[in-house]
Amino acid sequence: MVMMSKGIVLFALNNERVDYFDLATFCALQAKKHLKLPVTIVTDRNTYDRKQEYFDVYDKVIPIDINYKHKSEKRFQNGFYDSVLVNYRNNARYQIYDLTPYDQTLVIDVDIIVGNDNWLKMFDSDEVLCISRNSQDINFDRGKEKQFTYISDESIPFYWATVFYFKKCDIARKFFNTVRFVQENWDYYRRLHMIKSELFRNDFAFSMALNILSNYGENHWWGDLPGRIFHSMDTDVLLDYNDGTGESKMLVRHGTKKSHSYQKIKGLNLHIMNKLSLQEQAQKCLKDI
Amino acid sequence: MSKGYLIFAQNTESVDYVRQAYTQALSIKHTQPNINSVSLCTIGKVDKRYQKGFDNIIQIPDKDDAKDSAWKIENRWKALKMSPYEETVVLDADMLFTSNVEHWWDNLEKQDISFTGNVLDYRHNVVTDDFYRKAFTKNDLPNVYSGFYYFKKSQPTADFFKVFQNVVHNWGEFYSAVCPKNKPPRVSIDVSAAVAAKILGIEDTICNTFTTFVHMKPAILDWEHRRPKWYGNLAVNLLDNLDLVVGNMIQQPIFHYVESDFLTEDMVKKYESKVL
């Protein structure tokens, strides 16, 4: 039996406000702790030149050139009262098939705090692609966000490109080629799916590619991620992360109300949408390494 | 035992229901390899073009109960006496079959009469919204959809149709007695069938759990922003192989389009060129 290489790949494309490489390094440390797999990082050349101090964390560091074809300005919310407009650089994801050094790859967004080993199960499965449709809000009272159910009010089911697993094979290659095709024709596809924003989103492109490759939803050939991904919203704030205990302390907003509650979270795979508050905690932890 | 589909279609000034029934008949011929006999129930002469789609064209007997009606549904209680089949599925005209559902017949024949009890939205979620069904939920009526229902010729079926006829003819009194809450302002075949089932004490068995169709009434499409019409708000694509894609989702097994402007002449021609 041929042994297949296994590993994790992270993307870190910095912008003027968020140091994704720092987030990635923080994420890599948690991922290595819980999943015990090698981690490769893909980053833009500028960041590559400036971040060599952290290269030891990684199995491989892969620099890439990025072209920004689409509108990329996005407002990042930092809790309820603060926000900043930044260039959102997310258009290299489809290249993963060619970039990964592994036969079996888990891609994790760097704004995720890995808190358990649930995702290891995929490496022993027969699935060629695992991707999640459901994510649980850490505020159970907030109700399911419609924006995470369908890619637009009228269109197809929403899938998260936040975490996914694939095995190198023709089907996976076809999938990422389709994501690239959607990305290259983004204006057409966003209109087809009645998406008002011009901003390219990997979640949407992945959802559209699955739609295309399933004959418009007829054949569901991919697997789901084991376990659940929990997410906070960008109006929530990560107040503290304890590297020793793995505990996150969050200020969680109550739906449309202005009140917040305080929540402690541990042992979950947690998607922190407020990248600015995650960055603060990540940089605090990185000071110690 | 002979099996087939029965479609009632009486044209109004604004809607050509026979054309809809004809296209549905072609969709049945296209998708159902064995059980694909279709009978049209109508009044008056049927256009030559449309005659080709049907195995039988049957004139609605007796007095036209729908003569002064906008929806032309009042003759539907005559289905039992008009059907040329031992086993019949009755359909609304404004539907298209998009995949093979012949396996349903194996289960349907286990009952004398069986209605669809659940419908889907175009993203294939089971519809739970009772926006159009308050009379059912508020009065504990079985959730019957007469857009697709089955009966076999038998005494229990005859008993049902007798009560059903009575309810359709005297809907105001029956609705007041059996479904006073959110009482429908006009006769409804779904409500009348549900009332008949309740009167006969078969409300727990009248609906099956396996027949279904995509129902395109706009308020039950799981849209945050409800609109008065779905057509014009979703991309529609009838592919060359007659797969139907709406809102970028393939439509299966049966598509109940509801809004008559959906059925364009191009679509009808596409069915004709593939089926005839």
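## Sheet in chain B

In which sense do E5(B) and strand E13 of chain B pair, and over how many bridges? In this predicted model, E5(B) and E13(B), residues 254–256, are antiparallel and share three bridges. Phe97(B) has Ile254(B) as its bridge partner in E13(B).

The sheet is open and holds three strands of chain B, ordered E5-E13-E9. Its pairing is mixed. Strands E5 (95–97) and E9 (214–215) of chain B are at the edges. Each has a single partner strand, so one side of each lacks a neighbour in the sheet.

## Helix packing in chain B

Helix H6 of chain B spans residues 155–169, and helix H8 of chain B spans residues 189–200. They pack at an angle of about 125°, and their axes are 9 Å apart.

From H6(B), the contact draws on Asp159(B), Phe160(B), Val163(B), Phe164(B), Val167(B) and Val168(B). H8(B) supplies Ser192(B), Ala193(B), Val195(B), Ala196(B), Ile199(B) and Leu200(B). By class, the residues of this contact are ten nonpolar, one polar and one charged.

## Contact between the chains

Chain A contributes 13 residues to the contact with chain B, and chain B contributes twelve. On the side of chain B that touches chain A, six residues are nonpolar, four are polar and two are charged.

Terms used: Residues are numbered from 1 along each chain as its sequence is written. Chains are lettered from A and ligands numbered from 1 in the order in which they are written. This is a predicted model: local features need pLDDT of at least 70, side-chain atom pairs count only at pLDDT 80 or more; totals for chains, interfaces and linings use all residues. Two residues are in contact if their C-beta atoms, placed from the backbone, lie within 7 Å. Ala, Val, Leu, Ile, Met, Phe, Trp, Tyr, Cys and Pro count as nonpolar, Asp, Glu, Lys and Arg as charged, and the others, Gly among them, as polar. Two strands pair if DSSP finds at least two bridges between them. Helices (H or I, at least four residues) and strands (E, at least two) are DSSP runs, numbered from the N terminus. Axes are lines fitted to C-alpha atoms, for helices over the stretch in contact, and angles run from 0 to 180 degrees between N-to-C directions.
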